[in-house]
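Subject: Structure handover

Hello,

Here is the structure you will be working with. Please open it alongside this message and follow the residues by number as you read.

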Amino acid sequence: MSLCTRRLPAVALVIAADVLLSGCTGGRAPAAPHNSANAEAHAGSPGRPAPQPQIVRPMEIPALGPKTRAQLTTSNRQAVVVTGDNRNSNQATVMLYERDAAQAWHAVSGPWRAHNALLGWTDDHRQGDLRSPIGVFGLTDAGGRLPDPGTRLPYEQESAFTASGTGFEGEPLTGAFDYVVAINYNRTPRTTPRDQTRPLGADKGGGIWIHVDHGGPTQGCISLPKGRMKELLRWLDPTKKPVVAMGHETALAK
């Protein structure tokens with residue numbers, strides 16, 4: 001006698017019918033066990049706060065730490081970053097950055113090799129200390145012995161932009177001031193780079209420029225090869241409130 005045709009006891013028939021109704025014909029399925037851990041994960045719990053949305057911040061200039069970045073305002077949309085190798089080094093690297101409408105900074109040129117002052121850097125510059133000042137300074141005025149190469153900054157062509165003699169390594173200084181950009185350290189902005197006004201006092205030095213490199217360290221300025229100076233002058237745009245952030249690597253990273 002086959003399994004299909006064998007007569008089953010009445011109790012067995014009732015149980016079989018119940019299985020068919022619930023498991024095969026779409027009857028109500030058994031309720032899932034309550035999982036309090038899953039419920040808390042979805043609803044949040046006192047011990048585990050609900051996830052917060054990720055905050056996306058605009059891209060920053062990599063060399064600059066929070067203290068240095070705080071010296072820039074949202075109106076500064078061009079930055080020349082001069083990073084010294086160390087506190088006592090007269091070798092530096094220059095990068096140009098521009099800020100977009102979303103406030104993100106992007107490198108647009110560099111790295112360029114540069115010189116700074118003979119003895120390196122200081123955050124308390126003094127006249128004749130042979131160190132370059134550390135900080136963030138405006139760039140508003142330019143000039144030089146040679147004609148304007150196409151800058152949008154106010155440019156003064158003047159034969160008085162003449163350097164003579166030799167540098168610290170015996171190199172001639174001729175042509176060092178063919179092109180200059182005044183760094184607004186202890187000077188009055190929107191005046192000729194040759195202006196001698198010293199708002200912080202004469203003992204704090206002044207006359208700090210970006211000028212043409214003469215092959216050796218400077219007394220306090222930043223120097224770039226002549227071709228790079230022309231490129232810099234053509235890039236600077238006064239409507240973008242350009243600044244220079246300058247110092248050795250550790251100082252700028254603060």
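L252 has a relative accessible area of 2%, so this residue counts as buried. In this predicted model, L252 is placed in helix α5, which covers residues 249-252. Which residues touch L252, leaving out those up to four places away in sequence? The contacts are A63, L64, G65, T68, V81, V82, T83, A245, M246 and G247. For T83, the C-alpha atom is 7.5 Å from that of L252 in space, while the two residues are 169 apart in sequence.

Next, the chain as a whole. The protein chain has five helices and twelve strands. It contains 254 residues, and 40% of them count as buried. If you take the contacts between residues at least 6 apart in sequence, 63% of them join residues at least 24 apart.

Now the nonpolar cores. The largest nonpolar core has 30 residues, and the members that touch the most other members are V80, V82, V181, I183, I210 and L232. Which elements each supply at least two residues of this core? They are the strands β1 (78-84), β2 (91-99), β3 (105-115), β10, β11 (222-224) and β12 (243-248), together with the helix α4 (226-235). The largest share comes from α4, with four residues. Another core lies apart from this one; it has twelve residues, including V81, M95, Y97 and W105.

Not counting residues up to four places away in sequence, L232 touches V80, L96, W112, V181, I210 and L224.

The aromatic rings come next. A pair of aromatic rings is described by the distance of the centres and the angle of the planes. A search of the whole structure gives three aromatic pairs; two of them are described here. In the pair of F161 and W209, the ring centres are 5.7 Å apart and the planes are at 55°, so the pair is tilted. F161 sits in the loop between β8 (155-157) and β9, and W209 sits in strand β10, so that the pair links distant parts of the chain, 48 residues apart. Both F161 and W209 are buried.

How far apart are the ring centres of F177 and W209? The distance is 5.0 Å, and because the planes are at 75°, this pair is edge-to-face. F177 lies in the loop between β8 and β9 and W209 in strand β10, so the pair ties together parts that are 32 residues apart in sequence. Is F177 buried or partly exposed? F177 has a relative accessible area of 21%, so it is partly exposed, as buried means under 20%. W209 has 10% relative accessibility and therefore counts as buried. Ring pairs join F161, F177 and W209 into a cluster. A charge also belongs in this picture: the charged end of R194 sits over the ring of F161, 5.7 Å from the centre of that ring.

Then there is H115, in strand β3. H115 is buried, because its relative accessible area is 12%. Its side chain makes a polar contact of 2.7 Å with the side chain of D213, and another of 3.4 Å with the side chain of Q91. Leaving aside neighbours within four places in sequence, H115 is in contact with N90, Q91, D213, G215, G216, P217, C221, I222 and S223.

Where is N186 found? N186 lies in the loop between β9 (180-182) and β10 (209-212). With 5% relative accessibility, N186 counts as buried. Which backbone atoms does the side chain of N186 reach? One is the backbone nitrogen of L200, at 2.6 Å, and another is the backbone oxygen of G201, at 3.1 Å. Both L200 and G201 are also on the contact list of N186, which leaves out residues up to four places away in sequence and holds T197, R198, P199, L200, G201, K204 and G205.

Regards

Notes. Residues numbered from 1 in each chain as written. Predicted model: local features only at pLDDT ≥ 70, side-chain atom pairs only at ≥ 80, totals over all residues. Heavy atoms only, no water. Buried < 20%, exposed > 50% of the residue type's maximum accessible area, 1.4 Å probe, protein only. Polar contact = N/O pair within 3.5 Å; in protein donor to acceptor, adjacent residues only side chain to side chain. Contact = heavy atoms within 4.5 Å. Core = buried A, V, L, I, M, F, W, Y, C linked by side-chain atoms within 4.5 Å. Phe/Tyr/Trp six-rings, centres within 6.5 Å; stacked < 30°, edge-to-face > 60°. Lys NZ or Arg CZ within 6 Å of the ring centre and 35° of its normal.
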